[in-house]
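Me: I would like to learn how to read a fold feature by feature. Can you take me through one?

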Amino acid sequence: MGSLILCHKKKAKHPYEIARIHVRIYTIEELCYYFCNNLYLIDYTIVNRQLCDWLESELELYELARELRWQLEQNMAIEQFVLTILSHASIYSPAEITKIHNVLEHLKNQNEVEREKFKADNLLKSGEYATAILVYQSIINKEWDDSIGKDFYGKVYGCLGAAYGKMFLYEEAAKMYEKGFQVCQDPQMVKAYLYCCYRYMPEAQYVKMLSNEPVYLSLDSLLKEQLRRMGEKEEPELTDETFEQWKREYRKNEK
């Protein structure tokens, strides 16, 4: 059996509002949940005296508010501010706190666009493919940051290809892998591109494409040999229910 976690008894009469994502928070547990699920969004818009005042006046967490104000006065790191709140709430184990700390350290030296990719990568890993696609698209559709380098954006295209592939949208995935290779010249993207083409193209069209590119012919042989060795599994059927769920995710995140 899991251990019993006692929540803080106080609930705010007036919620703390996080305007950027239209969220209202009523308890310290909800605040911790927001932090842990939006680590890439944590910045001065929530790490500020306004939050300290709310913790004091609404939740009566006087010592915590005093400690956080002191940290702000000392210009301590944002990570320490967040970890202090998480530790005070006592709803996360030491191992979980350490994991969160490691993520915050990873994000500390990243700029905004790198944080966005981190967000999209986590969405992709958790199976939220449609939402991940929207975030990746937002990265490549705005002005590119020259300080990061083209390889970064090439990888974003590659991740888009992977997300489309997970949704069985192989034609879209192939386009993303092709663009990714054009940007960063990663040979692995050519192999992924060929696999997607193999999946969506009629056989005659695929063979014609291979015949026009000698490099493709050799890679195709390697690809098919790998698939045979791996004993490629039959892909699950794309049901109407799954398709409708993805459409709802798109519409929800486009608002």
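Reply: Start with contact: two residues are in contact when heavy atoms of theirs lie within 4.5 Å. Keep in mind that this is a predicted model.

Me: Which residues is aspartate 121 in contact with, leaving aside its neighbours within four places in sequence?

Reply: Aspartate 121 is in contact with Tyr136 and Cys159. Aspartate 121 sits in helix H6, residues 112-125.

Me: Is aspartate 121 buried or exposed?

Reply: Buried means under 20% relative accessible area. Aspartate 121 has 19%, so it counts as buried.

Me: Lysine 117 lies in helix H6 too. What does lysine 117 touch?

Reply: Leave out residues up to four places away in sequence, and lysine 117 touches Tyr136, Ile139, Phe152, Lys155, Val156 and Cys159. Its relative accessible area is 13%, so lysine 117 is buried.

Me: Step back for a moment. How many helices and strands are there in the protein chain?

Reply: There are 13 helices and two strands. The chain has 255 residues, and 40% of them are buried. Now look at contacts between residues at least 6 apart in sequence: 53% join residues at least 24 apart.

Me: How do I check the length of H8?

Reply: At 1.5 Å a residue, the 17 residues of H8 should span 24 Å. The end C-alpha atoms are 25 Å apart, which agrees. Just after H8, phenylalanine 168 has a positive phi of about 65°.

Me: Which residues of H9 are buried, and where on the helix do they lie?

Reply: First the general idea. An α-helix has 3.6 residues a turn, so residues three or four places apart point the same way. In H9, the buried residues are Tyr170, Ala173, Ala174, Met176, Tyr177, Gly180 and Cys184. They cover an arc of only 165° around the axis, which puts them on the same side of H9.

Me: What covers the buried residues of H9?

Reply: The cover includes helix H8 (150-166) and helix H10 (187-200). H9 itself runs over residues 170-184, and its 15 residues reach 21 Å from first C-alpha to last, close to the 21 Å expected.

Me: How do I read the packing of two helices, say H3 and H4?

Reply: Take the angle between the axes, then the distance. H3 and H4 pack at about 170°, with axes 10 Å apart. An angle over 145 degrees counts as roughly antiparallel, and H3 and H4 are therefore roughly antiparallel to each other. Leu64, Glu67, Leu68, Gln71 and Leu72 in H3 meet Gln80, Phe81, Thr84, Ile85 and His88 in H4.

Me: Which residues does cysteine 52 touch?

Reply: Skip residues up to four places away in sequence, and cysteine 52 touches Ala65, Leu68, Arg69, Leu72 and Phe81. Cysteine 52 is in helix H2. Its relative accessibility is 0%, so cysteine 52 counts as buried. Tyrosine 62 is ten residues from cysteine 52 in sequence and 9.0 Å away, C-alpha to C-alpha.

Me: What about H1: which of its residues are buried, and what covers them?

Reply: H1 covers residues 28-37, and Ile28, Glu29, Leu31, Cys32, Tyr34 and Phe35 are buried. Their cover includes strand S1 (16-18), strand S2 (23-25) and helices H2 (49-59), H3 (62-73) and H4 (78-89).

Terms used
Residues are numbered from 1 along each chain as its sequence is written. This is a predicted model: local features need pLDDT of at least 70, side-chain atom pairs count only at pLDDT 80 or more; totals for chains, interfaces and linings use all residues. Side-chain values use heavy atoms; hydrogens and water are left out. Buried means under 20% relative accessible area, exposed over 50%, partly exposed in between (1.4 Å probe, protein chains only). Helices (H or I, at least four residues) and strands (E, at least two) are DSSP runs, numbered from the N terminus. The expected span of a helix is 1.5 Å times one less than its number of residues. The arc is that of the directions from the helix axis to the C-beta atoms. Axes are lines fitted to C-alpha atoms, for helices over the stretch in contact, and angles run from 0 to 180 degrees between N-to-C directions. Angles under 35 degrees count as roughly parallel, over 145 as roughly antiparallel, 65 to 115 as roughly perpendicular and the rest as oblique.
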